[in-house]
Amino acid sequence: MAKVKTKKKKTGTGAKGRDAKELASFTLGEAETKYSMTYSPEVLEAFDNKNPNSDAWTTFLCTEFTSLCPKTSQPDFARIYINYIADKKMVESKSLKLYLFSFRNHGDFHEDCIQKICDDLAKLMKPKYIEVIGEFTPRGGIAIYPYSSYSNSKALYKSIKAKRFAEYSPGKYTMDMSKIY
C-alpha cells in the first residue's frame with residue numbers, strides 16, 4: 001500500500017503552540033506553590049494573546065473566594081466571575097488563582113474587593129473589556145452582589161460597558177450553580 005503524503009494546513013495565528021522560552025518565567029508548573037497571606041497583585045502574570053484581532057469572551061469562575069470583613073474580621077465567602085475580551089495580553093490562570101487567594105486575610109468591604117480585582121486585571125492586561133462580579137454569601141440575612149467593569153476607549157467596547165452596566169442585575173451575567181451541580 002502506497003503512503004499518501006499530506007500537507008499540514010496552517011490555521012491562522014493560533015496554529016503554532018507556545019515555545020518553552022515564552023513560558024519559562026511563569027509560576028505555572030513550578031514544583032512548589034507559594035501562597036501569599038496578604039493582598040498581592042504582584043503575583044498576577046500575563047501572556048501574549050495570539051489572536052488580538054479577534055474578539056472572544058473568556059470567563060473565570062472562582063467558587064471559593066474569601067476575604068475578611070474590615071470591621072469584624074469575620075470571613076466573607078463569594079463566587080467571583082471574571083468575564084473579559086482580551087486585547088494583546090491575557091491573564092495566566094494559576095497566577096489569578098494565587099492572586100484571588102491573597103485576599104484570604106485581606107480586610108475590605110465586598111464592593112472594594114470587586115473594584116480592586118477589576119482595576120488590577122485591567123492594569124495588567126489592558127483588555128478590550130472586563131467585568132468582575134461578586135456573589136457574596138449572605139451574612140445577617142443580606143447578600144451583596146457587587147459589579148465592576150472597564151473598557152478601552154474604542155466605541156464598541158464602551159458601548160458594551162454601558163449596555164451591560166445599565167442592564168446589570170444579580171444573576172444576569174453569572175450562572176445558576178444549582179443547574180450545574
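A salt bridge here is a side-chain nitrogen of Lys or Arg within 4 Å of a carboxyl oxygen of Asp or Glu. The structure holds 7 of them.

## Basis of the model

The model is predicted: local features need pLDDT of at least 70, side-chain atom pairs count only at pLDDT 80 or more, and totals for chains, interfaces and linings use all residues. Residues are numbered from 1 along each chain as its sequence is written, and side-chain values use heavy atoms, with hydrogens and water left out.

## Overall layout

The chain has 4 helices and 6 strands. Helices (H or I, at least four residues) and strands (E, at least two) are DSSP runs, numbered from the N terminus. Their order from the N terminus is α-β-β-β-β-α-α-β-β-α.

The chain has 181 residues, and 39% of them count as buried. Buried means under 20% relative accessible area, exposed over 50%, and partly exposed in between (1.4 Å probe, protein chains only).

A contact means heavy atoms within 4.5 Å. Take the contacts in the chain with a separation of 6 or more: 69% of them join residues 24 or more positions apart.

Arg-139 and Asp-76 form a salt bridge through their side chains, at 2.6 Å from N to O. Arg-139 sits in the loop between β5 (129-136) and β6 (147-151), and Asp-76 in strand β3, so the pair ties together parts that are 63 residues apart in sequence. Asp-76 is buried, at 5% relative accessible area. Arg-139 is partly exposed, at 36%.

Strand β3 takes part in another bridge. Arg-79 pairs with Glu-135, with the closest N and O atoms 2.6 Å apart. Arg-79 lies in strand β3 and Glu-135 in strand β5, so this pair ties together parts that are 56 residues apart in sequence. Glu-135 is buried, with 7% relative accessibility. Arg-79 is partly exposed, with a relative accessible area of 26%.

## The Asp-108 and Lys-116 pair

The side chains of Asp-108 and Lys-116 also meet in a salt bridge, at 3.2 Å from N to O. Asp-108 counts as buried at 13% relative accessibility. Lys-116 counts as partly exposed at 24%.

Asp-120 lies in helix α3 (residues 110-125). Asp-120 is buried yet has no salt bridge. The nearest side chain of opposite charge is Lys-123, 6.4 Å away. For this count, Lys and Arg are positive and Asp and Glu negative; His and the chain ends are not counted.

What does the side chain of Asp-120 make a polar contact with? The partner is the side chain of Tyr-39, at 2.4 Å. A polar contact is a pair of N or O atoms within 3.5 Å; within protein, one must be able to donate a hydrogen and the other to accept it, and residues adjacent in sequence count only if both atoms are side-chain atoms. Leaving aside residues up to four places away in sequence, Asp-120 touches Tyr-39, Pro-41, Leu-44 and Tyr-99.

## Helix α2

Helix α2 spans residues 93-101. Of its 9 residues, 7 are buried, so the helix is largely enclosed by the rest of the structure. The buried residues are Lys-94, Ser-95, Leu-96, Leu-98, Tyr-99, Leu-100 and Phe-101. Their cover includes β2 (57-68), β3 (75-85), β4 (89-91) and α3.

At the start of α2, Glu-92 reaches in. One of its side-chain oxygens comes to within 3.0 Å of the backbone nitrogen of Lys-94.

## Met-90 in strand β4

Met-90 is placed in strand β4. Its relative accessibility is 17%, so Met-90 counts as buried. Not counting residues up to four places away in sequence, Met-90 touches Glu-45, Ala-46, Phe-47, Asn-49, Thr-58, Tyr-84 and Met-125. Met-90 and Pro-52 are 38 residues apart in sequence, and their C-alpha atoms are 9.8 Å apart in space.

## Cysteines

How many disulfides are there? The count is 0, where a disulfide is a pair of cysteine sulfur atoms within 2.5 Å. Cys-62 is buried at 18% relative accessibility. Cys-118 is buried at 1%.
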